[in-house]
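Dear colleague,

I am handing over the structure below, and my notes on what was found in it follow directly after. Please read them with the coordinates open beside you.

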Amino acid sequence: MTPVLSRFRLITFDVTNTLLKFRSSPGKQYGEIGALFGVFCDTDELAKNFKSNWYLMNRKYPNFGRNSRVGWQQWWHELIGGTFSDSGSLIPAEKLCDLANHLLELYKTSLCWQHCNGSIDLLNYLRLQQQLATNHSDNEIDNNESRNHNKKAPIVLGVIANFDPRLDTLLRNLKIKHYFDYTINSYDSNVEKPNAEIFHLAMRMADLKDLKPEQCLHIGDGPTTDYLAAKNVGWNAALIHEKNSSYLIKKYGHKIEDDFVFPSLYDFHKKFSNDFIKW
């Protein structure tokens, strides 16, 4: 195991714009699927109204409606209906239901999602290091006592995402689910980032004896929901963001540190594997 990995026992990832990204904007995707159902809207209008309806629904029914009268499917149906309605197309209820269900299924697949730059190489690297560490640990056990088949890997990999219950299906369809020992979606766990409890849950689910916050690393693209949230519970954090650190520090404050901001997982992987990051 490399020196840098000897410091971490749990590494978790965000999903959207960290591991995976949209192939095209929701506005464009909604426009294409709407056209299949005979609903025609301007793509720019759809993009603008998707964003406004996203914020509206999150204010009215946080966490995809988890603790409200609407479940996550109905939450998306209302967001999709609002997006098209605000773009000039009031869709009859039955057609809207069919269109929304089609979009919900489509957004589980590689037709809408693709891997972020460097994500597969980094996951392969971490999986290899995980296997090497496990083999080394097993050899030590063989030399001293009988093998414990239930022993946890010295490094645990997980996902912490503000996401609905489609998360595991999406990760499986994009062929990255097998890299992770567990996944946490905010809907099923009933807690969202940046709430500290979701990071405490991640530590419990890692099931590592005497795991300490400073032995955990979270990687994500959200300055507040990923980076600062992880830092606030004593974890290490890496921020994957298209904006440079100067912009992010000016906007979010000096708790965001230049050394831990990276433009992509590719850049993070290069520095991480060569132990160039001073944690």
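At 63% relative accessibility, Lys175 counts as exposed, because the threshold for that class is anything over 50%. Lys175 lies in the loop that runs between helix H8 (167–173) and strand E5 (182–185), and its phi is near 60 degrees, which is a positive value in a residue other than glycine. Please keep in mind, here and throughout, that this is a predicted model.

A second residue with this kind of backbone is Asn17, whose phi is positive, at about 65 degrees, although Asn17 is not a glycine. Asn17 is found in the loop between strand E1 (10–13) and strand E2 (20–22), and with a relative accessibility of 42% Asn17 counts as partly exposed. One further backbone feature concerns the peptide bond between Lys193 and Pro194, which is cis, with omega at about 15 degrees; Pro194 sits in the loop between H9 and helix H10 (196–206).

H5 has 15 residues and spans 21 Å from its first C-alpha to its last, close to the 21 Å expected at 1.5 Å a residue. Its buried residues are Trp72, Trp75, Trp76, His77, Leu79, Ile80, Gly81, Gly82, Thr83 and Phe84, and these pack against helix H2 (26–36), helix H3 (43–60), helix H4 (62–65), H6 and helix H9 (186–189). Just after H5, Gly88 takes a positive phi of about 100 degrees.

On the side of H5 the contact is made by Trp72, Gln73, Trp76, His77, Ile80, Gly81 and Phe84, and on the side of H6 by Leu96, Cys97, Leu99, Ala100, Asn101, Leu103 and Leu104. Sorted by class, the residues of this contact comprise 10 nonpolar and 4 polar ones, with no charged residue.

The packing of H5 with H3 can be described in the same terms. The axes of H3 and H5 come within 8 Å and cross at roughly 140 degrees, so the two helices are oblique to each other, and this crossing too is right-handed. From H3, the residues Glu45, Leu46, Asn49, Phe50, Asn53, Trp54, Met57 and Asn58 meet Trp75, Trp76, Glu78, Leu79, Gly82, Thr83, Phe84 and Asp86 in H5. By class, the contact of H3 with H5 has 8 nonpolar, 5 polar and 3 charged residues. Trp76 and Phe84 of H5 are named both in the contact with H6 and in the contact with H3.

The loop that joins H5 to H6 contains Ile91, which at 12% relative accessibility counts as buried. Leaving aside its neighbours within four places in sequence, Ile91 is in contact with Val39, Phe84, Leu96 and Leu99, and of these Phe84, Leu96 and Leu99 also take part in the contact between H5 and H6. The C-alpha atoms of Ile91 and Gly81 are separated by 7.3 Å, the two residues being 10 residues apart along the chain.

Tyr187 and His241, by contrast, are 54 residues apart in sequence and 25 Å apart in space, C-alpha to C-alpha.

With a relative accessibility of 1%, Ile155 counts as buried, and its C-alpha atom is separated by 8.3 Å from that of Gln129, which is 26 residues away along the chain.

With kind regards

Note on methods. Residues numbered from 1 in each chain as written. Predicted model: local features only at pLDDT ≥ 70, side-chain atom pairs only at ≥ 80, totals over all residues. Heavy atoms only, no water. Contact = heavy atoms within 4.5 Å. Helix = DSSP H or I, 4+ residues; strand = E, 2+ residues; numbered from the N terminus. Nonpolar A, V, L, I, M, F, W, Y, C, P; charged D, E, K, R; others polar. Expected span 1.5 Å × (residues − 1). Buried < 20%, exposed > 50% of the residue type's maximum accessible area, 1.4 Å probe, protein only. Axes fitted to C-alpha atoms, helices over the stretch in contact; angles between N-to-C directions. Parallel < 35°, antiparallel > 145°, perpendicular 65-115°, else oblique. Left-handed = near helix turned anticlockwise from the far one by under 90°.
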